[in-house]
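Open the model in your viewer and keep the selection panel at hand. The stops below go through one chain, then the other, then the place where they touch.

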Amino acid sequence: MIRSEILRDIAPILRDQLVVCNIGLPSQELHMIDDQPTNFYMLGTMGLSSSIGLGLALAQDKLVISIDGDGSVLTNLGTLPTIANNVADNYILMIIDNGSYGSTGDQPTYAGMKTKLEKVAVACGCENVVVCQDLDTGKVLQAAIDSKKMTVIVVKCDSGNIKLPVITMDPVVIRDRFMKAVAS
Amino acid sequence: MSIDKRIVDDLVANHVSFITTVPCKQLAGVIDEVEARPEIFHIPSNNENEGMGLCAGAWMGGKRPAIIMQNTAIGVTINTLATLTQFYRMPLPMLISYRGELREPVACQVEMAVHTKALLDQLHIPTYHFHKESDADELDAILKYTFMCNKPVAILTDASFWGGYGDQ
């Protein structure tokens, strides 16, 4: 499966949760598949989905799922020690690891070569690190939600993209409706 | 009262309750004070981009954030300031150690100091420069202004404000 197929598969699970979604195609795909006020779409700032999600989880009690990519986590690798050392049991970091920079044309990442992000996460001190295959994402994500433990999920999947339009919603509108959903 | 305590008192009085920091010798006393206050969740960052991401999330979660960093971080965080903090219109007080000003012992620090105000100006970031201790009297008003207008706001604190670098 490619990322968009996984997002389509897990959309019913994501629908009821606060989701911080990575820049570029992941946000565009989630927006097309199931746009919700509970989705915060990143329109820029590669690498910060995990940080924004952690900050949000630490500031309030609702569950937060950050959808990230292997390339974006590599961009902000310092995020993993911060996550490990500031445990928020209402936080799930889901790294969709297709071994490539999808939004820029599927150039290979180091995570698709020698570097194993799940091992990096463990080495950084993250206590619940789960690796799964694309088909099992929904089951693993639901188990992480039910566990009420901070979890890092690394989803191994195929590289590839679908054609879809950019998000034209104003960033302040995205942020404002998201904050209302957080506060509701 | 020490200046460190005064600064953190103003942060607390303005309901700032989520502060991320990177280490700094000049701001070490403020960072210790932040860590000591039960009203504040203190989360050290590995770099300032990450810190601004944490602050964005915390603010959307209902907490008032702040970041404590050095002026070199302006060079690191321009993209984050423009595409996250400003683009989504979020407030962020930035308490900044202004290295490379008068009494600076490390020449390399001057190289970013000469760009600091120009970069902040280019980014249209409201900027306040604390040079004497009495300048900190404005901090309360600066914090109120920041959360009124939902913008990143820079507070540059130079070596003279902190009383120099000691015996370096």
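This is a predicted model: local features need pLDDT of at least 70, side-chain atom pairs count only at pLDDT 80 or more; totals for chains, interfaces and linings use all residues.

Residues are numbered from 1 along each chain as its sequence is written, chains are lettered from A and ligands numbered from 1 in the order in which they are written, and side-chain values use heavy atoms, with hydrogens and water left out.

**Stop 1: the sheet of chain A**

Select residues 18-21, strand E1 of chain A, together with E2(A); the two pair in the parallel sense over three bridges. Helices (H or I, at least four residues) and strands (E, at least two) are DSSP runs, numbered from the N terminus. Two strands pair if DSSP finds at least two bridges between them.

Now widen the view to the sheet. Six strands of chain A form an open sheet with parallel pairing, in the order E2-E1-E3-E4-E8-E7. At its edges are E2 (39-41) and E7 (129-133), each pairing on one side only. Neighbouring strands are turned by 20° against each other on average, direction ignored.

Next select residues 25-34, helix H2 of chain A. H2(A) lies across E1, E2 and E3 (64-69) of chain A, and runs at about 140° to E2(A). Contact here means heavy atoms within 4.5 Å. Axes are lines fitted to C-alpha atoms, for helices over the stretch in contact, and angles run from 0 to 180 degrees between N-to-C directions.

**Stop 2: a salt bridge in chain A**

Select A:Asp35 and A:Arg177, whose side chains meet in a salt bridge (2.5 Å, N to O). A:Asp35 is in the loop between H2 and E2 of chain A and A:Arg177 is in helix H8 (residues 171-183) of chain A, so the pair ties together parts that are 142 residues apart in sequence. A salt bridge is a side-chain nitrogen of Lys or Arg within 4 Å of a carboxyl oxygen of Asp or Glu. Over all chains, the structure holds 15 salt bridges.

**Stop 3: the sheet of chain B**

Move to chain B, where six strands form an open sheet with parallel pairing, in the order E2-E1-E3-E4-E6-E5. E2 and E5 (127-130) of chain B are the edge strands. Select E5(B) with E6(B) (residues 152-158): they pair in the parallel sense over four bridges. Within this pair, B:His129 has B:Leu156 of E6(B) as its bridge partner. Helix H3(B) packs on the sheet, touching E1 (16-21), E2, E3 (64-70) and E4 (92-98) of chain B, at about 170° to the direction of E3(B). H4(B) also packs on the sheet, touching E3, E4 and E6 of chain B.

**Stop 4: where the chains meet**

How many residues does each chain bring to the contact? Chain B gives 25 residues and chain A gives 28 residues. Together the chains bury about 2100 Å², 68% of it on carbon and sulfur atoms. Buried area is the accessible area (1.4 Å probe) that two parts lose on being put together, summed over both.

Select B:Glu50, B:Met60 and B:Tyr88, which supply 33% of the area that chain B buries against chain A. Across this interface the rule finds zero salt bridges.
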